[in-house]
Amino acid sequence: MVGISLATQQSKVAYRIFILFILSAILPIGMLAAFSLQQLTSQQVESVKSELRKQAKDYGLLLNERLGLLDEKLKIELKQLKEGGETLHLNGFSTFYFLDINNPALKTTHIADELQDVDINSLQAGNTVLLMVPQGKLLYSPYLLMSFGGEGKFAAGKIDLRAFWGSTETFDLSKRLCVYGVKNITVFCVTNEHNEQLNEVKSAWHNKSTGVLKTSSDSGLYVAYWKLFTQANYTYPGLMVTISTDQTEVTNPVSKLRNIFIIISVLVLVVITLLS
């Protein structure tokens, strides 16, 4: 009986030593894995932030280039019209209007109502003016205006949306691209979720012209924003380009790797226990 009791005690001690050995081996490996996953997540987030910021800047610069081309096209068309041309070619514009703010019959109210004194002064000085005109509930259309035909008379070209914003078929819908104007109006967005990110990022615009932030909403968006300054050339204060993506899209690869590591660790423990 004494021999059996001694053997049992030895077996228990050996089992405890085995368990302690397993734990002492797994604990540092687990801590190292957790630290590695944390670093990997941080690097993934920074990489995505950098890419979003670059995409927002690239699109903003593209809009600036397109504005410059449309400005030149409008100048050429109006010059040809002055020289005896019969019609204006659309060439990046969907339609044209001719305004006379001193003549109610030619005022074209939906455009003239949006003109501020600074816009009129800039037009009379021979400059081009960019205007965002409401086209229904929450919709705005971009217009380029130039002085044409005397004081108080202007030509307004309604910019073709595909010529300015681009074809929506080419956009990556997983990246929510939106453009906001003065007073935080939404002038373009490829999704219907612009208000969610607008409420979060508009407070940051007053402090910086570019950056990336994480929203506090349930979806958890990473939003990169870049401001296109248009006031010097087109009087319009500026356009804010934002590109956002879900937090889950950023952390999914690391989460999958973590789950795989946990499953493998559990399987290893089970196999070692069965073989002991």
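Me: What makes D71 count as buried in this predicted model?
Reply: D71 has a relative accessible area of 9%, and the word buried is used for values under 20%, so D71 is called buried.

Me: Why is K75 called partly exposed?
Reply: The relative accessible area of K75 is 38%, and because partly exposed covers what lies between the buried limit of 20% and the exposed limit of 50%, K75 falls into that class.

Me: How do you know that the side chains of K75 and D71 meet in a salt bridge?
Reply: The N to O distance is 3.8 Å, and a salt bridge asks for a side-chain nitrogen of Lys or Arg within 4 Å of a carboxyl oxygen of Asp or Glu, so the pair of K75 and D71 qualifies. Both residues lie in helix 1, four residues apart, which is about one turn of the helix.

Me: What makes the link between T128 and D71 a polar contact?
Reply: Their side chains come to 2.9 Å, and since the limit for the N or O atoms of such a pair is 3.5 Å, the link between T128 and D71 is called a polar contact. T128 itself is found in the loop between helix 3 and strand 2, and beyond four places in sequence T128 touches several residues, including D71, K75, L144 and T235.

Me: Why does T128 count as buried?
Reply: The relative accessibility of T128 is 5%, and as buried means under 20%, T128 is given that name.

Me: Where is S122 found, and which side chain does S122 join in a polar contact?
Reply: S122 is found in helix 3, which spans residues 117-124, and a polar contact of 3.0 Å joins its side chain to that of T235. S122 is also buried, because its relative accessible area of 12% is under the 20% limit.

Me: How do you know that K54 and D58 form a salt bridge?
Reply: The closest N and O atoms of K54 and D58 are 2.9 Å apart, and because the limit is 4 Å, the pair is counted as a salt bridge. K54 and D58 both lie in helix 1, four residues apart. K54 is partly exposed at 48% relative accessibility, and D58 is partly exposed at 37%.

Me: How far apart in the chain are R176 and D246, whose side chains meet in a salt bridge?
Reply: The side chains of R176 and D246 meet at 3.1 Å, N to O. This pair links distant parts of the chain, with R176 in strand 5 and D246 in strand 9, 70 residues apart. R176 counts as buried, because its relative accessibility of 11% is under 20%.

Me: Which residues touch the most other members of the largest nonpolar core?
Reply: Among its 38 residues, these are Y59, L144 and V179, and helix 1 gives the most to this core, with 10 residues. Another core, of 13 residues, lies apart from it, and among its members are L123, V129, Y143 and L145.

Technical notes. Residues numbered from 1 in each chain as written. Predicted model: local features only at pLDDT ≥ 70, side-chain atom pairs only at ≥ 80, totals over all residues. Heavy atoms only, no water. Helix = DSSP H or I, 4+ residues; strand = E, 2+ residues; numbered from the N terminus. Buried < 20%, exposed > 50% of the residue type's maximum accessible area, 1.4 Å probe, protein only. Polar contact = N/O pair within 3.5 Å; in protein donor to acceptor, adjacent residues only side chain to side chain. Contact = heavy atoms within 4.5 Å. Core = buried A, V, L, I, M, F, W, Y, C linked by side-chain atoms within 4.5 Å.
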